[in-house]
Amino acid sequence: MFSLKTVSNRMPSVASLVLVGAIGIGLSACSEENAEVKEVIRPVKVVEIARAYDTRKLDYSGSVKARTEMNLGFRVAGKITERLVDIGDRVMPGDVLARVDATDYQLAVKTAEANLAAAERGVETADLANKRAEQLFDKSVAPKSQLEQAALSHDQAVSQRDAALSALDQAKNQVSYTELKAGQSGIVTSINADIGQVVGSGSPVVTVAVDGEKEVQIAVPENDIAEFKPGKAVKASFWADDGLVLDGKVREVSGSADQQSRTFAVRVSLPNDPRVLLGMTATIEADVNNGSSYVSIPLSALAEKDGKQIVWTVDRDTATVHGRAIKVADFTGDGVHVTEGLDSGDLIVAAGTQFMSENLKVKVPDQQSALVDTDQTVR
């Protein structure tokens, strides 16, 4: 049986409980006071808005082509027996590129030669008959009608000889057409038919890019084609050489869109430069009127408040942020185009907009500020 004294020693006194509670309340009050006194200053990354632009850049990629490309084909039909050039070969005027079987055309020449020989004999016979008729008429032995008939027969024989001569020339031309020759100097860019293939008259066999002026062909969508007019000055840069930038001019704009891609073909003339080679990848840049001035901001700087698009601007004097409504024109791969709400020199929060609130104190280190290039490129 235990005593009451032992129990009383194990139980805390009321006074001690009151003392512990008072200490806890005091410490809690001090913590809350310190939390209220401590001011939150959040470091942020900012960008400074540069001057606004009223122009934008369009750039489209294309390839370097010769201004003139000839699709050469035989002027006669036949089976190709020889192909003397390959892609990349340089050709000069008169060089033979390919041949077709000329057997039938050579036989036609022999036939025309035989016909010409017969026609010449006919002329000789008619000439003798005509002279004989003249002699008989002069002696009053033959009537005048016989003389006239002999003269007509002679003229007919001469005409037949001339026709046979023309047929022979035509047959010889057909034989010469069995050789496909280059008309101008250039480079072979494609082969469309090969040995053993039967081709028709005029069918493309070899394509030659003629030496001379080069140009770039690009495909422009219909929403930008109005910005490209013949004579417009553009810049041409090349993937193979970063330091090669040439001034070009729009030479030709297609009158209709491609049926499949729905883009318009635009050809840009380039100045003569030996560093520019056929087939090189080129980028054509053109400055166009934007219609209204704009500035560009990073996509991460765009925020939303009360259903409106805003950015958080930084007050340099008080180092606080404030929400400002803006008007977005469009989105690009490099940022957001803003037409209203921002001015040159404004400082905006570029990242962490979800942590911002009105009049929030922020810290803006110098190393975090940067200029926004508002001359963005549209692709």
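Tutor: Before we start, two strands pair if DSSP finds at least two bridges between them. Helices (H or I, at least four residues) and strands (E, at least two) are DSSP runs, numbered from the N terminus. This is a predicted model, where local features need pLDDT of at least 70, side-chain atom pairs count only at pLDDT 80 or more, and totals for chains, interfaces and linings use all residues. Residues are numbered from 1 along each chain as its sequence is written, and side-chain values use heavy atoms, with hydrogens and water left out.

Student: How many helices and strands does the protein chain have?

Tutor: Go by the DSSP runs. The tally for the protein chain is four helices and 25 strands.

Student: In the sheet with β7 and β5, what is the strand order?

Tutor: Work through the pairs. β5 and β7 (residues 96-100) are antiparallel over three bridges, and β7 and β8 also pair antiparallel, over three bridges. On another pairing, β5 (residues 78-83) meets β10 (residues 198-199) through two antiparallel bridges. The open four-strand sheet therefore reads β8-β7-β5-β10.

Student: Which strands sit at the edges of that sheet?

Tutor: Look for strands that pair on one side only. Those are β8 (179-181) and β10.

Student: What percentage of contacts between residues at least 6 apart in sequence join residues at least 24 apart?

Tutor: A contact means heavy atoms within 4.5 Å. Of the protein chain's contacts between residues at least 6 apart, the share joining residues at least 24 apart is 75%.

Student: And what percentage of the 379 residues count as buried?

Tutor: Buried means under 20% relative accessible area (1.4 Å probe, protein chains only), with over 50% called exposed and anything in between partly exposed. Among the 379 residues, the buried part is 32%.
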